[in-house]
Amino acid sequence: MGDMKMNTVGRPSAPDFDVEATSFQTLLGGRGLLQSEKLIFEWDDYHRTGVDFADIAIDTSDIDGLVRGDDLNLPGLTEPECVRHYVRLSQKNHAIDLALYPLGSCTMKHNPRLNEKMARLPGLGDIHPLQPVSTVQGALALMDSLAHWLKTLTGMPAVALSPKAGAHGELCGLLAIKAAHEAKGEGHRRTVLVPTSAHGTNPATAAFVGYTVKEVAQTADGRVDVADLASKLGPDVAAIMVTNPNTCGLFERDIIEIARVTHEAGAYFYCDGANFNAIVGRVRPGDLGVDAMHINLHKTFSTPHGGGGPGAGPVVLSEALAAYAPRPWVVSANDGFDLAEHGEGESAANFGRMCAFHGQMGMYIRALTYMLSHGADGLKKVAEDAVLNANYIKASLSDLMSVPFPEGPCMHEALFDDRWLEGTGVTTLDFAKAMIDEGFHPMTMYFPLVVHGAMLIEPTETESRAEMDRFVAVLRALAGAALDGDVARFKGAPYLAPAKRLDETRAARQPRLTFS
Ligand SMILES: *Cc1c(COP(=O)(O)O)cnc(C)c1O
């Protein structure tokens, strides 16, 4: 690695690409001890069952007319078939436990096993939200403790725990903002300002709540254009939604000024806190003038992501919005903790509930475990190491791959564009697919939209230098192959994955969601 980096034009030359070898077909689709696997609904044996039940006589007189006459039509698998089916599917899947997962903006960090152990403690894992509160005092104490640390880390006075993901948190924040405006007789404010680089959930959430979305321009160095923002603020604006650090991986230097002009115009400042990992323990968003911010526990606080588990997106709220937080909230009284369902005084203006119960308890446990096991100094180190790792990636690749905002260090993710691929015949998509053949999940592609052919790489702090060097070596070798005109390696990639190049547009536009 050292040699490779010393030499600025140095890029390892790739072995000759052999299309014949990549298209080798096995007899029935298996591959290297992995069998090909159908989806469970494509197993056509619907009349078998893996379980033996004695015939039982059931009195159906009560539900006369509602008795099912036809078969249930569930796939019939024996226990070993069922176990193997899901294990085979899991082996087709990528996971953070397999390799570095460089999806920018997603903070795919290691999920510590201690978190899992705590979430499985019977006193926490086996309880139900409908139990009497007197029997779940420990769980409520845990929620209260998590709320305390979220408020402490963000410097905000209130938190709504129940939103179930970042996007749900955005909805919660905007509903609180809407309720606050309405309570002040300012319900006529119908516009939300969103920068061009925003994550798609920001404008989508604003539109879902019924607001008109207006875009705010960006400066040449990848930040919010404050003059443009100020010119668009006015009596019709309810809120701005700004991500900090932003989706270009850059800290918004003018954040204090952004908050000031926003408040001066009578609007609220919603901060998309998805990138909190870059500043946790170092910067408190409350000190920057933020009114509401979601925290993706599944990003910053290491709880599992996507297929690995439900998310959780608690929203911290400023003094101005605290009274509008959704129900319920944990309160402590002389005789223990309780869940408040009805606010008094100002809190009576809360906008209702975000979900049936209290949110993702399992994620609260994991996130609090993560916080307590790191401590204040450890969480600060998380942010520092995340930023260090991203800058290591940026420095290791920027002689080959073009960087749209080269000035100064990046935060927790390194953004590249596709100018360096010009004339090679290889696109960002091709490059990402070739990474799969080399054993690495692609980075985030084509996001943010403000740079052409974006490649957004977020290594997170949990990657060792050795693992990052392996990743960098693969990217440098692939970049070399692209620049040397080895186009076939990219055009049909991935050659070695269970599913080859997919028609992703059609999959998104015409998804087949049912089996008949
Ligand atoms: C991940 C992310 C979101 C959405 O969060 P979910 O938990 O996936 O709903 C919003 N904004 C940014 C910048 C993100 O990275």
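Reader: Which residues line the largest cavity?

Author: A cavity is, on a 1 Å grid over the protein atoms alone, a set of points where a 1.4 Å probe fits but cannot get out, and lining residues have an atom within 4 Å of a point. In this predicted model, where local features need pLDDT of at least 70, side-chain atom pairs count only at pLDDT 80 or more and totals for chains, interfaces and linings use all residues, the largest cavity is lined by Cys248, Leu250, Lys394, Val403, Pro404, Phe405, Gly408, Pro409, Cys410, Glu413 and Leu415. Residues are numbered from 1 along each chain as its sequence is written, and side-chain values use heavy atoms, with hydrogens and water left out.

Reader: What volume does the largest cavity have, and which classes of residue make up its lining?

Author: A volume is the space filled by probe spheres set on the points, with grid points joined across faces, edges and corners, and for the largest cavity this comes to about 60 Å³. Ala, Val, Leu, Ile, Met, Phe, Trp, Tyr, Cys and Pro count as nonpolar, Asp, Glu, Lys and Arg as charged, and the others, Gly among them, as polar; the lining has 8 nonpolar, 1 polar and 2 charged residues.

Reader: Which strand gives the most to the lining of the second largest cavity?

Author: Strands (E, at least two residues) and helices (H or I, at least four) are DSSP runs, numbered from the N terminus. Strand S4, residues 237-243, gives the most, with 3 residues, and the lining as a whole divides into 4 nonpolar, 4 polar and 1 charged.

Reader: Where is proline 245 placed, and is the peptide bond that joins asparagine 244 to it cis or trans?

Author: Most residues other than glycine have a negative phi, and most peptide bonds are trans. Proline 245 sits in the loop between S4 and helix H10 (255-264), and its bond with asparagine 244 is cis, with omega about -10 degrees. Phenylalanine 447 and proline 448 are also joined by a cis bond, with omega near 0 degrees. Leucine 33, although not a glycine, has a positive phi of about 70 degrees.

Reader: At what angle do the axes of helix H7 and helix H8 cross?

Author: Axes are lines fitted to C-alpha atoms, for helices over the stretch in contact, and angles run from 0 to 180 degrees between N-to-C directions. The axes of H7 (residues 166-183) and H8 (residues 201-208) cross at roughly 45 degrees and come within 9 Å.

Definitions and conventions
1 Å grid on protein atoms, 1.4 Å probe; cavity = no way out; pocket = protein on both sides within 12 Å on 5 of 7 lines; lining within 4 Å.
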